[in-house]
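Morning, everyone. Please have a look at the sequence and the model, and then we'll walk through them together.

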Amino acid sequence: MREVFPGAPHRFCVMHLWRNFSKQWKDKELRGLVWQCARTTTKPKFEKGMEAIKRKNDNSFKYLDKWPKDSWTKAYFSENSKVDIITNNNCESFNAKILKYRSNPILTLFEEIPCYIMRKMSSTN
């Protein structure tokens, strides 16, 4: 894996990991355990959740175990980064909304985005 910013922690969007997981394993309880493991903030609770997954389906455990823990679960996130978001939905939603402005020159882009946000805020009232 090529690092864009050397030394910066790389994280996976758990939503994407979960969707790929869900294509292979349809069991709702098993899919819920994946989210439980991703959200947990302590290593013992994470390991307990992974053991539950392993008891339920060993192949699903092997699938999850191949991903670096520090990239998808809060329990293993670095203490240096102050953000504990496990999905990138905010970024994807924002990028989808500004798609028509992204082809503009940079200054125009920086002028259009605040205008878009102000229009959006005034129309929701």
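Let me start with a question: leaving aside its neighbours within four places in sequence, which residues is S60 in contact with? They are F21, W25, L30 and I53. Contact here means heavy atoms within 4.5 Å.

Before going further, some ground rules. This is a predicted model: local features need pLDDT of at least 70, side-chain atom pairs count only at pLDDT 80 or more, and totals for chains, interfaces and linings use all residues. Residues are numbered from 1 along each chain as its sequence is written, and side-chain values use heavy atoms, with hydrogens and water left out.

Now the overview. The protein chain has six helices and zero strands. Helices (H or I, at least four residues) and strands (E, at least two) are DSSP runs, numbered from the N terminus. Of the 125 residues in the chain, 29% are buried. Buried means under 20% relative accessible area, exposed over 50%, and partly exposed in between, with a 1.4 Å probe and protein chains only. The chain exposes about 9,100 Å². Carbon and sulfur atoms supply 54% of that. These areas come from the Shrake-Rupley method with a 1.4 Å probe; for residues, only the protein chains shown count as cover. What about contacts along the chain? Take those between residues at least 6 apart in sequence: 57% of them join residues at least 24 apart.

Back to S60. This residue sits in helix α4. S60 has a relative accessible area of 0%, so it counts as buried. Its side chain reaches the backbone oxygen of N57 at 2.7 Å. That is a polar contact: a pair of N or O atoms within 3.5 Å, where, within protein, one must be able to donate a hydrogen and the other to accept it, and residues adjacent in sequence count only if both atoms are side-chain atoms.

Which residues of α4 are buried? In this helix, residues 58-65, they are S60, F61, Y63 and L64. Seen down the axis of α4, they fall within an arc of 160 degrees, so they line one face of the helix. The arc is that of the directions from the helix axis to the C-beta atoms. Their cover includes α1 (14-24), α2 (28-39) and α3 (43-56).

Next, α2. Its buried residues are L30, R31, L33, V34, W35, C37 and A38. Cover for them includes α1, α3 and α4. Expected span is 1.5 Å times one less than the number of residues.

Now α6, residues 106-123. Its 18 residues reach 26 Å from first C-alpha to last, close to the 26 Å expected. L109, I113 and Y116 are its buried residues. Down the axis of α6, they fall within an arc of 65 degrees, so they line one face. On the other side, the exposed residues are L107, F110, E111, M118, M121 and S122.

Last, the cysteines. C37 is buried at 2% relative accessible area. C13 is at 10%, so it counts as buried too. How many disulfides does the structure hold? Zero, taking a disulfide as a pair of cysteine sulfur atoms within 2.5 Å.
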